Amino acid sequence: MGDLLYLIIGIAVLAVLLGAGLVVGRSRRGRADEVPAPPAEPGDVLVAPPDEAEVVTEAPALAAPTVEKPEDTRSRLVRLRERLAGQGALGRGLLALLSRDRLDEDTWESVEDTLLGADLGVAPTQEVVERLRTRLRVEGGDIADAREVLREELLTLVGPDMDRRLQVSGADGHPGVVLVVGVNGTGKTTTVGKIARILVAEDRSVLLGAADTFRAAAVDQLATWGERVGVEVVRGPEGSDPASVAFEAVKQGTEHQVDTVIVDTAGRLQNKQGLMDELGKVKRVIEKQAPVTEVLLVLDATTGQNGMVQAKVFSEVVDVTGIVLTKLDGSAKGGIVVAVQRELGVPVKLVGLGEGPDDLAPFDPRAFVEALVG
């Protein structure tokens with residue numbers, strides 16, 4: 001009886017084991033018969049029950065910045081004349097004095113005061129007054145004649161024959177290298193960006209060097225200017241050696257056969273020796289690869305004669321070849337054009353007349369004097 005019981009229990013256990021094996025086998029066969037799905041690609045939707053569905057997507061692509069088309073030089077010159085038109089406070093004041101029935105000593109003193117108030121400078125003022133006195137005494141005439149005499153004498157002072165072309169082309173496979181210097185606050189970094197726009201409008205390839213490494217805001221500002229016209233900006237870590245950034249910018253410009261490299265420099269003016277050492281080093285390092293073809297000094301026209309002190313310091317540090325006058329939006333102080341040219345012996349090449357990205361134009365002496373005279 002006991003043997004029979006053990007036999008029954010054994011058969012039952014065997015049946016349970018066989019049944020379990022069958023279920024496992026079927027489950028394994030079912031999974032083996034399935035075709036493995038290919039790995040998911042970005043953007044694919046994986047087929048699964050609704051509660052298990054998962055969407056694999058790429059991060060949304062950032063929109064490429066819109067590259068602007070800068071204004072061409074001809075259009076800038078038209079707007080320059082428009083901006084200057086009607087700004088002839090200096091000319092109107094002088095003509096009111098010169099058209100008096102009697103030009104006595106008090107009148108000529110008033111003429112001198114008017115010119116000095118326009119930041120013309122002492123020596124140029126004395127010269128033009130002496131010439132005006134001689135011509136009006138000899139030639140006489142009415143107010144129309146006085147206006148013409150004044151126009152001719154002011155144009156002579158401004159220097160219509162000075163070479164105001166930007167030297168932005170290199171030689172022997174080198175890019176033109178433009179070094180931009182000036183005290184912080186004069187609009188120096190903005191001017192670099194605006195010069196880049198002028199050159200891009202002339203279909204020149206441009207590269208910018210952000211060598212004002214002690215002002216992170218200046219580097220970021222320059223990068224923004226570059227993005228707007230599709231110009232690459234070479235930059236270094238904050239506080240890095242400005243000369244190394246300038247060197248790398250010219251190196252890349254040469255390798256990529258860029259037409260012009262524009263280098264923004266630091267404008268700290270704590271002491272002349274420190275400034276001299278820094279800018280001198282930047283220029284020497286650049287010229288190990290390519291000659292510097294243009295050194296532009298940026299001056300704020302509204303500072304008047306105070307800006308002359310800055311101009312003198314920079315001219316002693318580097319060989320300035322041209323001047324950029326920013327904020328020249330009121331020609332009553334336009335005499336600064338004559339004063340700075342006389343002081344440095346180099347021409348004003350560009351003038352800024354507003355805050356817009358294309359409000360920088362080549363300086364036109366005749367248009368400027370016409371605006372002064374009215």
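Q: How do you know that β3 and β6 pair, and how do they run?
A: β3 and β6 run parallel and are joined by 5 bridges. Two strands pair if DSSP finds at least two bridges between them, so β3 and β6 count as a pair. Helices (H or I, at least four residues) and strands (E, at least two) are DSSP runs, numbered from the N terminus.

This is a predicted model: local features need pLDDT of at least 70, side-chain atom pairs count only at pLDDT 80 or more, and totals for chains, interfaces and linings use all residues. Residues are numbered from 1 along each chain as its sequence is written, and side-chain values use heavy atoms, with hydrogens and water left out.

Q: Why is β3 called mostly covered?
A: In β3 (residues 176-181), 6 of 6 residues are buried. Buried means under 20% relative accessible area, exposed over 50%, partly exposed in between (1.4 Å probe, protein chains only). G176, V178 and V180 are buried on one side of β3, and V177, L179 and V181 on the other.

Q: Why is T189 called buried?
A: T189 has 3% relative accessibility, and the cut-off is under 20%, so T189 counts as buried. T189 lies in helix α7.

Q: What makes a polar contact of T189 with D264?
A: The two side chains come to 2.8 Å. A polar contact is a pair of N or O atoms within 3.5 Å; within protein, one must be able to donate a hydrogen and the other to accept it, and residues adjacent in sequence count only if both atoms are side-chain atoms. The side chain of T189 also makes a polar contact with that of R215, at 3.4 Å.

Q: Why is D203 called exposed?
A: Its relative accessible area is 66%, and exposed means over 50%, so D203 qualifies. D203 sits in the loop between α7 (188-201) and β4 (206-210). Its phi is near 65°, a positive value in a residue other than glycine.

Q: What makes a nonpolar core?
A: It is a set of buried Ala, Val, Leu, Ile, Met, Phe, Trp, Tyr and Cys residues joined through side-chain atoms within 4.5 Å. The largest one here has 73 residues, and I286 and L325 touch the most other members. Helix α6 (residues 143-158) gives the largest share, 7 residues.
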